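The entries follow the order in which I went through the model.

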Amino acid sequence: MKFVFTLLSAFALVGCKEEIASAPPPPMDLSQDALSFFCQMTVSEHGGPKGQVHLDGYPAPLFFAQVRDMVAYLKSPERDAEIMAVYVSDMGVAASWEKPGVSNWTDASEATFIVEANVRGGMGAAEIVPFAKMSDAQAFALRWGGRPVNLNDIPDHAAIGAVDTLLILETPS
């Protein structure tokens with residue numbers, strides 16, 4: 001009986017080590033040096049929510065000046081490595097649209113996103129706006145339009161549609 005208990009304990013420890021080893025990397029604060037993946041412009045110079053994608057084997061995340069661009073990257077079949085974690089700005093706690101924050105990241109898989117709102121992001125395209133709390137997302141949608149969805153339900157046209165044909169009314173203040 002003691003042997004069986006020892007064997008089960010060993011399997012439990014191996015399982016715990018695998019869970020610890022597979023824990024996603026934490027979000028990185030947005031530095032003044034972070035460049036947007038697609039355009040290589042400084043991320044912090046643009047307003048609106050941001051995104052970061054952590055890839056297996058890469059020491060730093062890919063940063064995105066707009067969540068729309070990050071979602072386009074996620075929907076793309078061409079990537080350099082396995083995605084380990086995805087984080088987005090929690091706009092429910094952002095100081096303002098122009099100052100979305102450097103450390104207020106939330107796990108994109110748990111966030112609520114407002115799509116089809118009448119707002120534009122830091123690069124001038126219609127934006128997909130993330131929130132950690134559904135109540136913050138709903139309040140935003142009441143003011144700016146749009147509808148709440150989770151990450152997997154963001155429609156392709158919200159991230160990949162032509163920028164010049166999108167109706168963009170305002171940048172939130």
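**Strand 1 and its partners**

I began with strand 1 and strand 2 (residues 62-64), which pair in the antiparallel sense over three bridges; two strands count as paired if DSSP finds at least two bridges between them, and helices (H or I, at least four residues) and strands (E, at least two) are DSSP runs numbered from the N terminus. This is a predicted model, in which local features need pLDDT of at least 70 and side-chain atom pairs count only at pLDDT 80 or more, while totals for chains, interfaces and linings use all residues. Residues are numbered from 1 along each chain as its sequence is written, and side-chain values use heavy atoms, with hydrogens and water left out.

Within the pair I found Gln52 standing opposite Phe63 in strand 2. In the hairpin of these two strands, which has six residues between the strands, I noted that Gly57 takes a positive phi near 90 degrees. I then looked up the pairing of strand 1 with strand 3, which is antiparallel over five bridges, and there the bridge partner of Leu55 in strand 3 is Ile83.

Is strand 1 buried or exposed? Five of its five residues are buried, so strand 1 is largely enclosed by the rest of the structure; buried means under 20% relative accessible area, exposed over 50%, and partly exposed in between (1.4 Å probe, protein chains only). In a regular strand the side chains alternate between the two faces of the sheet. Here Gly51, Val53 and Leu55 point one way and Gln52 and His54 the other way, and all are buried.

**Helix 2**

The buried residues are Val67, Arg68, Asp69, Met70, Val71, Ala72, Tyr73 and Leu74, and I found them packing against strand 1, strand 2, strand 3, strand 5, strand 6 and helix 4 (contact means heavy atoms within 4.5 Å).

**The open sheet 6-5-7**

A three-stranded open sheet has the order 6-5-7 with antiparallel pairing. Strand 6 (129-131) and strand 7 (147-149) stand at the edges, each with a single partner strand, so one side of each is left without a neighbour in the sheet. Neighbouring strands of this sheet are turned by 35 degrees against each other on average, direction ignored; axes are lines fitted to C-alpha atoms, for helices over the stretch in contact, and angles run from 0 to 180 degrees between N-to-C directions.

Strand 5 (residues 112-115) pairs with strand 7 over three bridges in the antiparallel sense, and Phe113 has Val149 of strand 7 as its bridge partner. I also recorded that helix 3 (residues 134-144) packs on the sheet, touching strand 5, strand 6 and strand 7, and that its direction makes about 10 degrees with that of strand 5.

**Salt bridges**

How many salt bridges does the model hold? With a salt bridge taken as a side-chain nitrogen of Lys or Arg within 4 Å of a carboxyl oxygen of Asp or Glu, the count comes to two. In one, Lys75 meets Asp156, the closest N and O atoms being 2.9 Å apart; this pair links distant parts of the chain, with Lys75 in helix 2 (residues 67-75) and Asp156 in helix 4 (residues 156-160), 81 residues apart. Lys75 is partly exposed at a relative accessible area of 30%, and Asp156 is partly exposed at 48%.

The side chains of Arg147 and Glu116 form another salt bridge (3.0 Å, N to O). Arg147 lies in strand 7 and Glu116 in the loop between strand 5 and strand 6, so the pair ties together parts that are 31 residues apart in sequence.

**Two loop aspartates**

I found Asp90 in the loop between strand 3 (83-89) and strand 4 (105-107). Asp90 is buried yet has no salt bridge, the nearest side chain of opposite charge being Lys133 at 7.2 Å (Lys and Arg count as positive and Asp and Glu as negative; His and the chain ends are not counted). The Asp90 side chain does reach the backbone nitrogen of Gly92 at 2.9 Å.

Asp29 sits in the loop between helix 1 (2-21) and strand 1 (51-55). I noted that Asp29 and Val102 are 73 residues apart in sequence and 5.2 Å apart in space, C-alpha to C-alpha.

Terms used
A polar contact is a pair of N or O atoms within 3.5 Å; within protein, one must be able to donate a hydrogen and the other to accept it, and residues adjacent in sequence count only if both atoms are side-chain atoms.
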